[in-house]
Amino acid sequence: METPEDSPELEAAPVNAELAPYTLAEWTESGKPVNAFVTIAGGDDLHEHYEALVKVSCIRILFAGFMDGRGFSHAGKLRQLGYSGQLIAGGDILADQWVFLNRCGFDTLEDRETASDASALPGFSQTYQADARETMPLLLRKAKTQA
């Protein structure tokens with residue numbers, strides 16, 4: 001397990017003033033522009049939007065409550081489909097959820113205080129399962145290094 005000193009520095013998400021901010025509905029009505037900062041809610045149905053969303057510059061996913069896991073699913077699906085832009089977690093998030101948010105593909109947290117608290121928590125040096133960041137499970141990674 002990493003110590004707080006070994007963990008990567010986590011900062012609150014900077015807002016890019018050059019990107020036009022949209023809610024999902026506004027973005028859809030505007031013709032789904034690529035150079036956009038789109039805010040989606042965990043409860044939004046994204047099935048008809050995933051193809052266009054993977055081309056967007058920045059996406060903020062809002063969590064209605066810390067027990068609402070739908071934002072994790074949205075982030076994981078976007079990364080699986082090849083989204084390479086910035087994913088920001090916003091809304092009701094606890095600092096200790098950062099490890100799981102990061103594994104699903106989030107880059108940063110919106111709230112500065114939560115980001116500060118999360119960066120002070122110890123992380124994990126390795127994970128057993130594959131995820132949005134590490135595509136091979138630990139067993140295969142170890143076998144590959146031993147071969």
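Which strands does helix H3 lie across, and at what angle does it run to S3? In this predicted model, local features need pLDDT of at least 70 and side-chain atom pairs count only at pLDDT 80 or more, while totals for chains, interfaces and linings use all residues. Residues are numbered from 1 along each chain as its sequence is written, and side-chain values use heavy atoms, without hydrogens and water.

Helix H3 (residues 70-80) lies across S2, S3 and strand S4 (86-91), and runs at about 155° to S3. Helices (H or I, at least four residues) and strands (E, at least two) are DSSP runs, numbered from the N terminus. Axes are lines fitted to C-alpha atoms, for helices over the stretch in contact (heavy atoms within 4.5 Å). Angles run from 0 to 180 degrees between N-to-C directions.

The five strands form an open sheet in the order S1-S2-S3-S4-S5, with parallel pairing. Strands S1 (20-23) and S5 (108-109) stand at the edges with a single partner strand each, so one side of each has no neighbour in the sheet. Two strands pair if DSSP finds at least two bridges between them. S2 (residues 36-41) and S3 (residues 58-63) pair over five bridges.

Strand S4 holds Gly90. Gly90 counts as buried (under 20% relative accessible area; exposed is over 50%, partly exposed in between; 1.4 Å probe, protein chains only), because its relative accessibility is 2%. Leaving aside neighbours within four places in sequence, Gly90 is in contact with Ile61, Leu62, Phe63 and Glu110. The C-alpha atoms of Gly90 and Glu110 are separated by 5.1 Å.
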